[in-house]
Amino acid sequence: MTTYDWFVGSASKRLGQQGWVHAIGFRSEQGLLALVSCDLPDIAGIDATAITAHITLHPIEPVEVILVANSSQSAIDYATLNPATKHHAIHAIVDAIIDALTFGCPATLRVTPHVLQWRKFDEQPIATLTLHPRQQIIDTALHQQLTHDCGDPVLMVHHAWDNDAWDSSTIAAQLTTCSATPVTSVDWYHHDDCWLLRINHTTLGVIPGTVATDPHWPHHLIATRPHVTLTAAQTETARFFLHEANHDVNHD
């Protein structure tokens with residue numbers, strides 16, 4: 001899906017007694033997409049049909065939803081929640097999605113090797129997506145620091161390839177020196193367990209595990225379950241898919 005009038009919005013909701021759900025919404029006349037980061041490590045176990053059912057209760061067009069686990073230390077397993085808490089988690093995810101899609105506006109995008117940030121045209125931040133090496137602890141203190149430096153919300157996820165640790169305190173300075181481009185194109189593909197989300201010329205690969213990948217590839221990789229290592233066959237499938245999508249191969 002591609003058009004030239006994309007709006008970008010964001011929202012955050014509490015996820016029970018601890019943890020958060022953050023959503024970035026991409027909306028145009030031709031499509032709706034939500035990228036959602038949860039303090040739930042086992043997102044594969046979340047009841048997707050319940051999310052769909054609750055979204056359809058709102059006067060909104062069909063929405064594609066990509067769920068990402070952010071590997072926060074405060075995360076709790078969805079499978080351990082009682083039915084009432086699971087129901088609350090579903091509502092938090094859906095409410096964040098709806099709000100992010102409802103209150104979007106034209107946006108600009110800034111990209112660094114570790115960060116994507118969307119801003120309004122008055123330079124107020126809409127959302128920031130930070131990509132961390134897997135050895136870096138994602139905790140409350142780090143999230144508070146990034147929220148202070150970058151604005152709210154900040155979606156923190158682990159990068160799929162191992163790289164050297166980097167200083168998170170330099171993010172704000174890096175963002176001030178990189179160029180901003182209007183968000184004019186958003187498209188996505190799904191193949192097996194892989195997602196490919198492309199915003200302008202920046203590509204995010206969302207894969208169900210950890211892949212050691214050349215950091216010089218022209219896209220970022222996100223691991224949805226960063227503590228699970230793909231088999232050799234799964235790795236090859238993910239790489240092949242990302243290569244095809246990056247070279248505009250038709251998947252139909």
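Tutor: E123 sits in the loop between β6 (115-119) and β7 (125-132); strands (E, at least two residues) and helices (H or I, at least four) are DSSP runs numbered from the N terminus. This is a predicted model, where local features need pLDDT of at least 70, side-chain atom pairs count only at pLDDT 80 or more, and totals for chains, interfaces and linings use all residues. Residues are numbered from 1 along each chain as its sequence is written, and side-chain values use heavy atoms, leaving out hydrogens and water.

Student: What is the phi of E123, and is E123 buried or partly exposed?

Tutor: E123 is not a glycine, yet its phi is positive, about 75°. Buried means under 20% relative accessible area, exposed over 50%, partly exposed in between (1.4 Å probe, protein chains only). At 38%, E123 is partly exposed.

Student: Where is N200, and is N200 buried or exposed?

Tutor: N200 lies in the loop between β11 (194-199) and β12 (202-207). Its relative accessibility is 14%, so N200 is buried.

Student: Which residues does I93 touch?

Tutor: Contact means heavy atoms within 4.5 Å. Residues up to four places away in sequence are not counted. I93 then touches V21, V36, C38, I46, I51 and L67.
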